[in-house]
Structure formats: structure tokens, C-alpha cells
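Thanks for making the time, everyone.

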Amino acid sequence: MTNSLSFEDLCLTGRGHLKAGRLDDALAAFAEAARINEFDADVHDGLATVHFLQNNYEAAIRHFERVTRLDPRRGAAWVNLGAVYNRMASYQKAAEVLRRAVQIEKKSSAGYYNLGIAYKHLKQWALAVPAYREAIRLDPKMADAYLNLGNVYVAMKNFAQAASHFKKALDLKPGLERARLGLEKAEAELEAAKNKSSPFGRLVDAEQVGAAASGAPTPTRELTEEERGRDRRELSELLVRLEAEFHALVGSTGDQLGPAVRTLNKMLTQALSPHGVSITKAEALEQFIEARSQYTPALVRFRETLRQLREHEARYQ
């Protein structure tokens with residue numbers, strides 16, 4: 001009977017049952033140990049693990065949280081707590097917990113991997129990418145990290161990077177079906193993009209190609225008055241939009257990206273931010289990544305308007 005054993009024997013018995021997969025017996029042993037000493041972090045860690053394996057996530061969270069209160073520097077407990085929040089689809093809470101986890105346990109590939117999962121589901125691609133990359137750096141054989149990073153690149157429509165990471169996942173785990181399917185999709189998108197492209201920037205006919213090769217100017221046609229009016233209106237709208245997006249891009253660079261870059265650079269040589277507030281290198285990097293994630297959409301919009309200007313020029317040439 002477990003109630004005749006000492007606290008130490010109960011803990012040892014619980015770990016033995018847990019290792020053997022006898023979850024109910026492990027739960028009984030750890031529960032009896034907790035009745036003897038409810039302030040032991042290892043006991044609550046054991047209870048949390050059993051509840052997690054039994055898919056009782058709410059109970060697992062209660063006990064992992066108890067571990068973090070009893071032993072705040074136990075990084076593995078923070079990692080596991082974040083993993084359970086991910087399982088419960090509480091991704092914002094998971095990200096908060098896991099950011100703290102990797103500050104404590106800086107070499108935890110599982111911590112960065114789980115942080116990548118949280119960011120991926122929050123659609124914060126610019127934060128998910130470095131999280132997965134750090135997990136891979138710490139554990140180069142983590143096939144699932146390559147797979148998930150490939151899926152993030154698909155979401156970002158960077159199919160070349162996606163294909164590269166799916167291939168690496170398959171090299172490490174040839175039977176990984178999701179990586180195979182992901183690779184097929186990424187390669188199909190790359191092929192489709194290749195077929196749509198033209199070395200001349202837009203579709204041309206053979207006569208125009210010959211004229212370009214001979215150095216003869218490409219013939220143009222006279223616009224009607226209605227077309228000229230429409231041309232001026234569209235061009236004016238595009239230029240107004242381009243100017244607004246230019247100012248947004250410059251503002252984003254000056255107000256967010258620039259300060260984040262300077263702070264990160266300063267963190268390489270000193271432990272305090274320019275404002276005298278303590279900040280870790282991980283926090284400075286996270287600030288930079290967040291600023292970059294705000295800057296990137298502005299840059300994308302600016303480039304899209306430039307593309308529309310080029311199309312407008314071609315249409316009225």
C-alpha cells in the first residue's frame with residue numbers, strides 16, 4: 001500500500017510507475033506524497049506530467065503553475081506549462097509563459113520550439129521564424145521544427161524557403177507525411193510562379209522581341225482623350241497613395257525599427273538600455289523583431305504601389 005511508504009519512497013515509486021506508463025498508479029503515489037508534503041516542487045511536477053499524459057490539461061496547468069511558484073527558476077516547468085497552454089489553444093498565454101521560459105532556460109530547444117508554435121498560431125510570422133530557427137540551432141535534428149518552419153514560410157508565401165525546410169525535415173525523418181505534402185505544395189507554387197514570369201517584365205509578342213533585339217524603338221499608339229483623362233486620374237491617385245505610404249514607411253523606420261536596432265546594438269556592449277531600464281538581450285531581440293514585423297507590411301504596401309505604377313505605365317504605353 002502506498003500509504004505505508006515514506007515520502008521519498010512514494011516519490012521514487014511514482015517516478016517508476018510513470019516511466020513504465022502505469023499512469024493511475026503513478027498518480028496515486030504522487031498524490032499520497034503531496035498529502036505528506038504539499039510544498040515539494042518535484043511532487044507537483046510528477047502530478048502535472050501524469051495529468052498531461054492523461055489529457056487532463058487543466059489539472060496539469062494547476063500543478064505546473066504550482067511548480068513555478070515553488071521553484072521559479074525551474075525552466076523546464078515553464079516550458080511544460082507553455083506546452084500545455086498550446087495544447088489548450090491558449091496561444092497568447094502560451095507565448096507569455098514561453099518567453100519567460102527561454103529567458104530562464106536559454107538552451108532549451110523545446111522552449112523555443114513551443115514558442116514557435118504559439119507565434120505560428122497567433123499568425124505572428126516574424127516572431128515564429130526566429131523561434132523555430134533557434135530551436136533548430138540548439139537541436140539540428142529536430143525534424144518537427146523544420147516542418148513547422150516550412151509551414152510558416154508557406155504562410156508568408158516564401159515557397160523557396162518552405163521547400164528547403166520541408167526537404168530537411170524529410171532528410172531527418174523520411175516518413176514524415178506532412179513534410180512530403182508541404183514540399184509538394186511549395187514546389188508546385190514555385191513552378192506556377194516560374195511559368196507566370198517573363199524575362200521581359202510583361203507579355204510581348206515575337207515582333208516586339210525582334211524590334212527590341214534590333215535596337216528599334218517599340219512602337220506606341222496614340223491615346224484617345226478619354227484614355228488620357230483616365231490615365232491622369234489613375235496616375236494622380238497612385239502618386240497620392242505612394243506619397244502617403246512613403247511617409248508611413250519612413251515613420252515606421254524612424255519611430256520603431258531605428259530605435260529597436262540601436263537598442264539591440266547597445267545590448268551587445270552593455271546590460272542597460274539607453275533609458276537606464278534593465279533589459280535582457282532576448283528582450284531587445286524581441287523588440288527588434290516586433291518593430292520589424294510592423295515595418296514589413298508598410299514596405300510591402302509601398303512596393304505594391306510601385307508595382308501598380310509600373311503596370312499603369314505599361315497599360316498606357
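Leaving aside its neighbours within four places in sequence, which residues is N86 in contact with? They are Y91, A94, L98, N114, I117 and A118, where contact means heavy atoms within 4.5 Å. Before I go on, please keep in mind that this is a predicted model, in which local features need pLDDT of at least 70 and side-chain atom pairs count only at pLDDT 80 or more, while totals for chains, interfaces and linings use all residues. Residues are numbered from 1 along each chain as its sequence is written, and side-chain values use heavy atoms, with hydrogens and water left out.

N86 is found in helix α5, residues 75–87, helices here being DSSP runs of H or I with at least four residues, numbered from the N terminus. With a relative accessible area of 9%, N86 is buried, a word that stands for under 20% relative accessible area, calculated with a 1.4 Å probe on protein chains only.

Now to the core. The largest nonpolar core has 51 residues, and those with the most contacts inside it are L81, Y113, L115, Y119, Y132, F166 and L176; such a core is a set of buried Ala, Val, Leu, Ile, Met, Phe, Trp, Tyr and Cys residues joined through side-chain atoms within 4.5 Å. At least two residues of this core come from each of several helices, including α5, α6 (91–104), α7 (109–121), α10 and α11. If residues up to four places away in sequence are not counted, L115 touches A95, L98, R99, V102 and A131.

Let me turn to a pair of helices. Helix α10 (residues 159–172) and helix α11 (residues 177–196) pack at about 150 degrees with their axes 8 Å apart, the axes being lines fitted to C-alpha atoms over the stretch in contact, and the angles running from 0 to 180 degrees between N-to-C directions. That makes α10 roughly antiparallel to α11, a label used for angles over 145 degrees.

Finally, E245 lies in helix α13, residues 225–267, and because its relative accessibility is 14%, E245 counts as buried. Leaving aside neighbours within four places in sequence, E245 is in contact with R301, F302 and T305. E245 and R303 are 58 residues apart in sequence, yet 9.4 Å apart in space, C-alpha to C-alpha.

Technical notes. Angles under 35 degrees count as roughly parallel, over 145 as roughly antiparallel, 65 to 115 as roughly perpendicular and the rest as oblique. Buried means under 20% relative accessible area, exposed over 50%, partly exposed in between (1.4 Å probe, protein chains only).
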